[in-house]
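Please read the points below with the structure open beside you. They are meant as a colleague's careful notes for someone new to reading models.

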Amino acid sequence: VAKEGNFVTLRLPSGEVRLVAKNCWATIGQVGNIDASNITLGKAGRTRWLGKRPKVRGSVKNPVDHPHGGGEGRAPIGRSRPVTPWGKPALGKKTRKPKKYSTSLIIRRRK
């Protein structure tokens, strides 16, 4: 988008605007086979051929297997927020380290 000093400002496909060193190399364009995500696999077996195992919801497991498990019938989560099978926060928790060296190079983060 702009050049200033030893840095250039780039707008990434995610919408993030950040500074990158002027002497860095970059590839411009888009990745091939963009229609790969539009293919309907059609059945569970074809997904298994790709090495993906079934996704079992935590709420249908037993309490020994998942923090959301157990309860009578279709019980709610029963916690302040959804968590992973290991008890860490899930769905919406920011995972970027606040003191990461390149944080100062981000002008506007992705929406």
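**Notes on pockets, sheet and loops**

1. The second largest pocket has a volume of about 330 Å³. A pocket here is an open set of points, on a 1 Å grid over the protein atoms alone, where a 1.4 Å probe fits and where protein lies on both sides within 12 Å along at least five of seven lines, and lining residues have an atom within 4 Å of a point. The volume is the space filled by probe spheres set on the points, with grid points joined across faces, edges and corners.

2. Before going further, please keep in mind that this is a predicted model, in which local features need pLDDT of at least 70 and side-chain atom pairs count only at pLDDT 80 or more, while totals for chains, interfaces and linings use all residues. Residues are numbered from 1 along each chain as its sequence is written, and side-chain values use heavy atoms, with hydrogens and water left out.

3. Which residues line the second largest pocket? Among them are Glu 16, Lys 93, Lys 94, Arg 96, Lys 97, Arg 109, Arg 110 and Lys 111, and the lining as a whole divides into 2 nonpolar, 2 polar and 8 charged residues. In this count Asp, Glu, Lys and Arg are charged, Ala, Val, Leu, Ile, Met, Phe, Trp, Tyr, Cys and Pro are nonpolar, and the others, Gly among them, are polar.

4. The largest pocket has a volume of about 400 Å³. Its lining is made by 15 residues, of which Leu 10, Leu 12, Ala 26, Thr 27 and Ile 28 lie nearest the centre. The elements that give two or more residues to this lining are β2 and β3, and the largest share, 3 residues, comes from β2. By class, the lining of the largest pocket has 10 nonpolar, 2 polar and 3 charged residues.

5. An open sheet is formed by 4 strands in the order β1-β2-β3-β4, with antiparallel pairing. Strands β1 (2-4) and β4 stand at the edges, each with a single partner strand, so one side of each has no neighbour in the sheet. From one strand to the next the twist averages 30°, an angle taken between the N-to-C directions of lines fitted to C-alpha atoms and running from 0 to 180 degrees. Strands (E, at least two residues) and helices (H or I, at least four) are DSSP runs numbered from the N terminus, and two strands pair if DSSP finds at least two bridges between them.

6. The pairs can now be followed along the sheet. β1 and β2 run antiparallel and are joined by 3 bridges, with Glu 4 having Phe 7 of β2 as its bridge partner; in the hairpin of these strands, which has 2 residues between them, Gly 5 takes a positive phi near 65°. Strand β2 (residues 7-11) pairs with strand β3 (residues 17-21) over 5 bridges, where Val 8 stands opposite Val 20 and Arg 11 has Val 17 as its bridge partner. The hairpin of β2 and β3 has 5 residues between the strands, and Gly 15 in its turn has a positive phi of about 100°. β3 and β4 pair in the antiparallel sense over 2 bridges, and Val 17 has Arg 108 of β4 as its bridge partner.

7. Leaving aside residues up to four places away in sequence, His 66 touches Gly 58, Lys 61, Val 83, Thr 84 and Pro 85, a contact being heavy atoms within 4.5 Å.
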